[in-house]
Amino acid sequence: MEAKKWNISVLLACVALLILFALPTVIIDPYFHFHAPYSSYFLENERYQNNGIVKHFSYNTLITGTSMTENFKTSELDSIFGVRSVKAPFSGASYKEIKENTDMANKCNPELKMIIRGLDVGKLDQEWDMMSYLDTPTYLYDDNPFNDVNYVLNKTIFFEATYPNYMLIKNGGESTSFDDYVNWTGQFAYGKDAVLETYNRAQKVAQEYSMTYTDRERVIANIEQNVLETVRANPQITFYYFFTPYSIAWWDSINQKGMVKYQIEVQQVVLEQLLPYNNIKVYSWFDDFGLIENLDNYKDYVHYSGIVNSNMLLWMKEGKGELKKDTYKEYLKEIENYYLNYEYDNLFG
């Protein structure tokens, strides 16, 4: 009998210790899994925090996408459009991963009325079910309360997230702003030297590649599953989609591979899918050749600085670069002619 009491006492003590260990993470909730923050907080980990941001924060506008959207400033968006926004980007994510988080925002926030999302042109033709994040903390994304032990009893999360947030609150520190959240624009050098230093030019192929039926169906499936499905389910939301404006060095890379016409054809397929919807606005600035050719805007051949992100918000509001059913074919002809005939060798002179 004494042994039984001892075992029960030890078991209860262990349970009590586990509860004491879990309680700070439950209360402070650094990844916003259970509730919105009560006080100051750090924003620093996209895959761990974005799901909680879209579920529990107060907003009516969402910015999302890959690293191409990380330098947006919500303060600028709020001022320009008169909205209340949050930013939830996923660096390197696939279309499916971004779509799933967008759907979570739609599910949890009836006030949501506007979404700005970058459409990475280099990923328009990826398989619709591609997943880039193989180590996603799925216990933060699902509705299973039992696997939350991976969160509340996680030693790494306790010491790297819960405790620093506790100290921030204790010391009266300020929260990370969504302007600064994963914003990397001040961390890099920009310009021709920076771009070409990170760019390995391939040998030029002899023949230009054209889209096949299989290519077309893959693009349609990606857009249908990961873009339009969300649009049709939410007619009350206005979706602002933009083709991510990669630099002239990126156009050189696909020109060397004989893929310029193919890229134009991909964009055409996507535009023909998107433009019939009244709650979609589509933008591209590939015909703003001054932007694309000015390598001072870029840190490598695809990533542009925060200045470009700021300008894009203004351009969206002004309607600059908006593609419509009666103008998109002219846009496609213009950029095809320009990028097929550009003197790319001058970049390396």
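## The sheet and its packing helix

T61 stands opposite M114 in strand 3, and this pair belongs to a region where strand 1 (residues 61-65) and strand 3 (residues 114-119) run parallel and are joined by four bridges. Helices (H or I, at least four residues) and strands (E, at least two) are DSSP runs, numbered from the N terminus. This is a predicted model, in which local features need pLDDT of at least 70 and side-chain atom pairs count only at pLDDT 80 or more, while totals for chains, interfaces and linings use all residues. Residues are numbered from 1 along each chain as its sequence is written, and side-chain values use heavy atoms, with hydrogens and water left out.

The open sheet has six strands in the order 2-1-3-4-5-6, with mixed pairing, where two strands pair if DSSP finds at least two bridges between them. Strand 2 (85-89) and strand 6 (322-323) stand at the edges with a single partner strand each, so one side of each is left without a neighbour in the sheet. Helix 4 (residues 95-108) packs on the sheet and touches strand 1, strand 2 and strand 3, contact meaning heavy atoms within 4.5 Å. The direction of helix 4 makes about 175 degrees with that of strand 3 (axes are lines fitted to C-alpha atoms, for helices over the stretch in contact, and angles run from 0 to 180 degrees between N-to-C directions).

## Aromatic pairs

The structure holds 32 aromatic pairs (rings of Phe, Tyr and Trp, the last by its six-membered ring, with centres within 6.5 Å; planes under 30 degrees apart count as stacked, over 60 as edge-to-face and the rest as tilted). One of them is the stacked pair of Y199 and Y301, at 5.5 Å centre to centre and 25 degrees between the planes. This pair links distant parts of the chain, 102 residues apart, with Y199 in the loop between helix 7 (192-197) and helix 8 (213-233) and Y301 in the loop between helix 11 (289-293) and helix 12 (306-318). Y199 counts as buried at 10% relative accessibility, whereas Y301 is partly exposed at 31% (buried means under 20% relative accessible area, exposed over 50%, partly exposed in between, with a 1.4 Å probe and protein chains only).

## A buried threonine

T162, in helix 6 (residues 155-170), is buried with a relative accessible area of 1%. Its side chain is joined to that of T25 by a polar contact of 2.8 Å (a pair of N or O atoms within 3.5 Å; within protein, one must be able to donate a hydrogen and the other to accept it, and residues adjacent in sequence count only if both atoms are side-chain atoms).
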